[in-house]
Amino acid sequence: MKKRLLIFLLGIFSVFTAFAQTMITGSVKDAVSNEPIADVIITIEETQQTTRTDALGVFTFSTDVPLGEQVLRISKDGFVTKRYPIVVNEGSTVNITDMTLEVDPSDSADSFIISLSDDELNSDDEGFTDNISGLLQSTRDVFLNAAAFDFSATFFRPRGLDNANGKVLINGIEMNKQFNGRPQWANWGGLNDVQRNREFTMGMSANDYSFGDLAGTTNIVMRGSKYREGGRVSYASANRSYTGRLMGSYSSGLKPGGWSYSVLASRRFGDEGFIDGTLYDSNSFFFAVEKQLNEDHALNLTAMYAQNRRGRSTAVTDEVNRLKGREYNPFWGMQDGEIRNSRVREVEEPIIMLNHFWNISDKTTLNTNFAYQFGKIGNSRIDNGGTNLEIGPNGQEYYVGGARNPDPAYYQNLPSYQLRFDNPTAHDFQNAFVHEREFRENGQLDWVPLYEANARPGKTATYIIQEDRNDDTQFSANTILNTEINENIILNATVSYRKLNSENFANVKDLLGGTGYLDVDSFAEEDPQSSFILSDIAQSDVNNPNRVAVEGDRYKYNFEIDADVINGYAQAQFKYSKVDFYVGANVGKTTYQRNGLFENGYYIGNSFGKSEKLDFSTYGIKGGLTYKITGRHLIDVNGSYFTKAPTIRNSFSNSRQNNNVVSGLTEETINSIDASYIYRSSLVKARLTGFYSNFSDGTDIGFFFTENLAGLGIEEDAFVQEILTNVEKRHVGVELGIEAQVTPTIKLKAAASVGQYTYQNNPNLYLTSDDFDGELRFGDGKTNLKNYHVAGGPERAYQLGFEYRDPDFWWIGATTNYFSNAYIDVSNLARSENFVLDFDNQPINGYDANVAKDLLRQEEFDDYVLVNVIGGKSWRIKDKFVGVFATINNVFDQEYKTGGFEQSRLSKYDNVLEDKSRQYGPVFGSRYFFGNGTTYYLNVYLRF
């Protein structure tokens, strides 16, 4: 009997043992405040399984828990990473409560990422001043850290992708502009301290919020409850964009009653940065308040206002750079003893968000968000087309006026123009010497003659400051569902909607002492084939002829764009012991419509009122997997195929003047694949990735003045819109990041990117202009871009570096960075049939194909090396931290080109050959952007 009872009890014990669950659970607290820390990443190093702590700082591993000796890695941005050894026995629960994390005193670095890029964030010189997408990346990836810290100064783009290929979200709401697809970084500039909670998804990998894009998705979490209690005050000094920055922030943490809030105010300022005359004037404010309504519901209100005013600079020719240096900027001059820049960019677009968070169950959440954004973006410049209305003897109206371009770097002011002819005379050399001396000694904008020209009694202004304005009002809403079906399957779904009304107009910013500006085109000419008379053609608005505009008036052009975008996205994630994989899909619908508010004299009947409504349907699929060879060796693969609606900018061929839609406009198609080998251990982290992306049916529009248009029957000068359609590009390459913690204090790191980004076809090209009718095409209507490189920073970048972190809280690091294979942006017009045709549409006499090949060879910039140094020191005083952080970029003051473009003013074989063959340099040479010399950034802070 006893034997049977013993067997029965052993059987019962065996059953319970078999069903007992092996688990790891625990919690994480702040070492100083003893408050729980949410969103801490907990990793089992052997298997690389990860989870996050909840709002109470608690975490649990309950699936496929490895047995034996294990190491937990505890990490969160802003804190010192820790490792905890544990032993896991089968059927038991390992409970590690109240693990602590200490604030990382050296965590000024993430502020530096943003500060480093401040001088790029507000630029709209497309193609050359975009920084890498995802500057606010929340990632410890070695390669992406190198790209964000060191490669960005050269306008390097990971995988050749710019900001339009990445998504930026704030509290789950997309921030990319519908006008050009790029995020407007200035909208949240200066808010560094409240941007630390970031979730970055690399490339097209699984994403909880949106379908994403090739350059990844960054979601900046700006909720009142997500900031730990405490404050921070800092002052920064720099010489790159601004010269000073003051910032103060405070967060309450979660208070009794469920309330939490965070506030921030900052100011950035400077008369000029590294580039002369680039003023910086910015004020930023932030407020977030959240109420935990009950255990399942929370409501958050976030508001931000980041006003920014900056003086701009431009690309210059080699001749200008040789005479004035890389700091030169022709846009400014002294007025009343102060620097005044004629081209100022102002951004003022407040954002208000309301976010609702609903824990439907322990496994399902629903996040619903609303956002409202309004305000303005303005870009000023000198308008020198001022005109006066005159009446002829027979009562006919005509216009007299216009003035010479006041740009001090205008080509006729330079020595090369004086020596443009063969066998220059002594008089030509004398003129060249005088112009060179004047340009070297002065060479800045002279404001006095502009005021003098406007001081004529009874005359309207010749010169004014024009401001090109975009006043956007946008409403956004989305709802994001996340549900855990079981321990292995998670479903994500999002529905989003955006409605935009964009007012676009020219504004009379400053009359420069004048009394008014006659709103007509001084270059207008009557067309013998047209029934319209000059007095109609010249009008910016036929409905208000010969209107004299005063400061604050809209003039020249005035129209609205209405846009609606709706998207749906669903994704399933599957996680198992050996493999994780996901599949996702999205569908969308985008509509645009232009509404002209002026009846332009060149386009009577096709400028006032509404255009046709553009309608685009988009879709996409993606998938990927991570195969865990072991806990340290992983293979990761991602693939996608999707379409994107063209941007507003690339949908209307000349939206400022008419309702014309780009011919052949359609959605862009993108497909991509990347595969990575990942190695992770306590000492070494490495990632090697190969990537391939193909873009087809792309569209691009450029605007420029040209002297060379074949086929018009005359030697026609024109300001044209150049439209490219059916553009196909391929981006292929590899990237590597590796770091080794060789000692507890020394870390070595290396990164490399080797890519090739080329055009894969000959796109369609046509021109439009108010100087000729219809669409102008050349020959087969193509531009021969196949196998040319897509411009946009170096295709190859390499880094070697080290970091030393002393236990006494000081650190120093240095990197050496090598860049190569950067190319100029070529003239599309010069690679069309226009290049080989004369003005009579016949082949150019003396055309030599071999010479033409040399003329059209794409310029490759010189290789260069940049050395950067970073370091700092912090002190803990009771529960406060005082620290200093500094960096020096381009230590050895290397001069280099970051980008550039060929001018299309001359685009015919004989003219280009003549200009490039000039003994004393071309008159219309390529224009370049030059990198900064040695720059520094110094930040002193108090954290409490």
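These legends walk you through a predicted protein model, starting with the whole chain and moving on to a few close-up views.

**About the model.** Because this is a predicted model, local features need pLDDT of at least 70 and side-chain atom pairs count only at pLDDT 80 or more, while totals for chains, interfaces and linings use all residues. Residues are numbered from 1 along each chain as its sequence is written, and side-chain values use heavy atoms, with hydrogens and water left out.

View 1. Helices (H or I, at least four residues) and strands (E, at least two) are DSSP runs, numbered from the N terminus. Along its principal axes, the C-alpha trace spans about 130 × 60 × 55 Å. Of the 944 residues, 56% count as buried; buried means under 20% relative accessible area, exposed over 50%, and partly exposed in between (1.4 Å probe, protein chains only).

**View 2. Four strands form an open sheet in the order β9-β8-β11-β10.** The pairing here is mixed, and two strands count as paired if DSSP finds at least two bridges between them. At the edges sit β9 (173–174) and β10, each pairing on one side only. Strand β8 (residues 167–170) joins β9 in the antiparallel sense over two bridges. Look for I170, which stands opposite I173 in β9.

**View 3. T201 lies in strand β10 (residues 198–201).** Is this residue buried or exposed? At 14% relative accessibility, T201 counts as buried. Leaving aside neighbours within four places in sequence, T201 is in contact (heavy atoms within 4.5 Å) with A206, N207, G216 and T217.

**View 4. L512 belongs to the loop between β27 (489–510) and β28 (517–518).** Although L512 is not a glycine, its phi is positive, at about 50 degrees. With a relative accessible area of 0%, L512 is buried.

**View 5. D697 is part of strand β36 (residues 684–706).** Here is another residue to check for its backbone angle: D697 has a positive phi of about 60 degrees, although it is not a glycine. At 29% relative accessibility, D697 counts as partly exposed.
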